[in-house]
Amino acid sequence: MPQGQKSKHHTREKRHQSRGDSQSHRRVQAPVAMEECPTSSSPVLEGNTQSLSSTESTNTSQESWGAPSTTITSSGISGTRSDEGKNSQDEEHLRFSDVLPSTESSYTDILTMKVGLLEQFLLYKYKMKQPIMKEDMLKIIGQNYKNQYPEILKRTSERIEVVFAVDLKEIDSTSHSYDLISKVKLPNNGRVRAGRGLPKTGLLMTVLGVIFVKGNCAAEEDIWKFLGMMRVFAGRKHFIYGEPRKLITKDLVRLKYLEYRQVPNSEPPRYEFLWGPKAQAEISKMKVLEFLAKVSDTVPSAFSSRYEEALRDEEARARAKPTASGNYRGTSSSFSHPY
């Protein structure tokens, strides 16, 4: 083969290998100082549940805000960098090009990448207890996508809400500062324990949802079966939840959001979960159903066996205390959505 053709052939092989490596990188989760994020997929919830999370390792995407190399996202999409095998010119083009994408598909891909970048940034700020500023979010998105900022922010907020059960709220309209607010009044804004960390609210809402769908009382084995589908296992430390068994059988029980009791006359002893008194007081069944519907990419009425009960619960709360359902948000009325 002539030298020129051999060089071109070699170049094509390298590009093909790079693309293959890149696709493999997206499929395989990187074990970087953490375990997998939750992935929800279960017939228990009577719906088609979407994949929620995975972990990726990257340095490039976080240099702008000084975050560590470990990345936290709520989806399996690598939204932080171009494929590893691509050359630096391709990566530069994806991130900073002044030329708009020529096809709808490439435009959607770039927006997805921007959503992933912003999602990492928001979760990092939450974890470090640092304020979230609009100007910083715009820098993450990039000047060329400033007009798409509302759409990107909305999609990012929805993805974080589905996994972590926290809402992005504007806390100061003058300085345009924001925070991720736990949907439930757990200590330390959803972290449960003192110090920095990620919210535990999503796990609580999930467990409450399984309990509700199971008829307001769920066997412990059913809880762990469902959590196992989210890659959350008893006795196995999780990078968000710590040791999950301690969290749901001790911490959340101590806080009275869950009740954990032995099944009467069971031998060997078996245990079951119920809503705790604080969950009953602060969280309506309809709000839990709405959360499950978002996770399952459906509507609350799709849970036909529990929807009517949730409606009755909502009406009873309205009669007893008109503002009771507002407790679920755990936020002040002064907060507003940023998009």
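The protein exposes about 16,900 Å², and carbon and sulfur atoms supply 49% of that area. Accessible areas come from the Shrake-Rupley method with a 1.4 Å probe; for residues, only the protein chains shown count as cover. This is a predicted model: local features need pLDDT of at least 70, side-chain atom pairs count only at pLDDT 80 or more, and totals for chains, interfaces and linings use all residues. Residues are numbered from 1 along each chain as its sequence is written, and side-chain values use heavy atoms, with hydrogens and water left out.

Start with the overall build. The secondary structure comes to 11 helices and eight strands. Helices (H or I, at least four residues) and strands (E, at least two) are DSSP runs, numbered from the N terminus. Of the 339 residues, 48% are buried. Buried means under 20% relative accessible area, exposed means over 50%, and partly exposed lies in between (1.4 Å probe, protein chains only). Take the contacts (heavy atoms within 4.5 Å) between residues at least 6 apart in sequence: 61% join residues at least 24 apart.

Now go inside. In soluble globular proteins, nonpolar side chains tend to be buried together. A nonpolar core is a set of buried Ala, Val, Leu, Ile, Met, Phe, Trp, Tyr and Cys residues joined through side-chain atoms within 4.5 Å. The largest one here has 69 residues, and L227 and I248 touch the most other members. Helix α3 (residues 104-127) gives this core its largest share, 10 residues. At least three residues come from each of domain 1 (110-183) and domain 2 (189-283); these bounds come from an automatic or database domain assignment. Beyond residues up to four places away in sequence, L227 touches L203, T206, V207, V232 and I248.

Next, a hairpin. Strand β4 (residues 166-172) is mostly covered, with five of its seven residues buried. It pairs with β5 in the antiparallel sense over six bridges. Two strands pair if DSSP finds at least two bridges between them. D167 stands opposite I181 in β5. Four residues separate the two strands of the hairpin, and H176 in the turn has a positive phi of about 55°.

That leads to the backbone. Most residues other than glycine have a negative phi, and most peptide bonds are trans. V192 is not a glycine, yet its phi is positive, at about 75°. V192 sits in the loop between β5 (177-182) and α6 (201-213). Is V192 buried or exposed? It is buried, with a relative accessible area of 8%. R231 also has a positive phi, about 65°, although R231 is not a glycine. Its place is the loop between α7 (220-229) and α8 (244-254). R231 counts as partly exposed because its relative accessibility is 32%. The peptide bond from E267 to P268 is cis, with omega near 0°. P268 lies in the loop between β7 (258-262) and β8 (271-275).

Finish in helix α11 (residues 304-320), which holds E309. E309 counts as buried because its relative accessibility is 13%. What does the side chain of E309 make a polar contact with? The partner is the side chain of N216, at 2.9 Å. A polar contact is a pair of N or O atoms within 3.5 Å; within protein, one must be able to donate a hydrogen and the other to accept it, and residues adjacent in sequence count only if both atoms are side-chain atoms. Leaving aside neighbours within four places in sequence, E309 is in contact with F212, N216 and K285.
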